[in-house]
Amino acid sequence: MKNQRILVAGGTGYIGSHTVVELQEAGYNVVIVDNLSNSNMEVIDGIEKITGVRPDFVQADCTDMPAMEKLFDSYPDIRGVINFAASKAVGESMEKPILYYRNNLNTLMNLLEQMAKHGTKGIVFSSSCTVYGEPDENPVTEAAPIKKATSPYGNTKQISEEIITEVISAGAPFKSVILRYFNPVGAHPSAEIGELPNGVPQNLLPYVTQAAMGIRKELSVFGDDYPTPDGSCIRDYINVVDLAKAHVIAVERMLEDKSDDKVEIFNLGTGNGVSVLELIDTFEKATGVTVPKKIVARRAGDIEKVWANPKHANEVLGWKAATPLADTMRSAWAWQQKLRERGIM
């Protein structure tokens, strides 16, 4: 069943690039489509160094329907799609909601429309634990209520899940596996690919490594007065390679019709809640490097505490987050050091 063509939208991004590596190592042929708005072409070189295979690459914006038609026409053998092509920063979405709605929703709708026209078998959708809002209880299962989103970013994920479900309910001839991530961190152990945001990082760990490297003066910890043991927010930090492997399992599940359900939803996390201050402490102990930091006011849109109950994914997919957090911190630091060696950052 391998050698099948998978389209990875947003495949030069952080999670996308790690997933392309895992897909290629599992024997799939990959074509990436990306507009490089938050990534760069050098990622393709890193993927090739790790796997020995250079994925096909199309530079295009997924909100551009004619470009998507051309892409699907050029690759009539696309069997599955993984959609990572979305703007993803909570803080930025509070400031630029229209950008988030236009990019995240139009991208998805264009892909779904082309999939229906071209006989694509299924789509793996990159969703988020933000759909649960501030959960009533932790750890969070897939049965937890979907609450009013605390940010436009979170709302785009909720709406996207609804679009997929309704399109398939209306008779679209494909399946979907929706993966609700908790907090992806770390880098590939080769240090050939990792998280490299354009401009100021919106995610915690790149800011940690950049502050540790001296690129940023200090790390701002948004709030130490939350009702948590140390006052900082709690999240479920999942290694990005572990996360990428779940996508390969999901693709195989769709292509081989391992489930009768047209839409399946899985939480992807470790099952452990770790506070922001604990994460910084783990990084410092794992690397021996100090992170300059200061406590600042809470940030709009942030959830107090959320971590996964990954039992459903563990049992049904046979997938488990296996990498210890200290190893993940070391991989992130090795990546930051590699960027410095290359003169990038």
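Begin by selecting W333, which is buried, with a relative accessible area of 11%. Please note that the model on the screen is predicted.

The ring centres of F283 and W333 are 5.8 Å apart and their planes meet at 85°, so the pair is edge-to-face. A search of the whole structure finds one aromatic pair, and this is the one.

F283 belongs to helix 9 (residues 276-287) and W333 to helix 11 (residues 325-341), so the pair ties together parts that are 50 residues apart in sequence.

From here, move to helix 7, which spans residues 204-213. Is this helix mostly covered or mostly uncovered? Helix 7 is mostly covered, as eight of its 10 residues are buried. Select L205, P206, V208, T209, Q210, A211, A212 and M213 to see these buried residues. What covers them includes helix 9 and helix 11, together with strand 7 (183-185) and strand 8 (219-222).

Finally, inspect two places where an arginine lies over a tyrosine ring. Select Y207 and R216: R216 lies over the face of Y207, at 5.9 Å from the ring centre. Then select Y226 and R298, where R298 is positioned over the face of Y226, at 4.0 Å from the ring centre.

Notes:
Residues numbered from 1 in each chain as written. Predicted model: local features only at pLDDT ≥ 70, side-chain atom pairs only at ≥ 80, totals over all residues. Heavy atoms only, no water. Phe/Tyr/Trp six-rings, centres within 6.5 Å; stacked < 30°, edge-to-face > 60°. Helix = DSSP H or I, 4+ residues; strand = E, 2+ residues; numbered from the N terminus. Buried < 20%, exposed > 50% of the residue type's maximum accessible area, 1.4 Å probe, protein only. Lys NZ or Arg CZ within 6 Å of the ring centre and 35° of its normal. Contact = heavy atoms within 4.5 Å.
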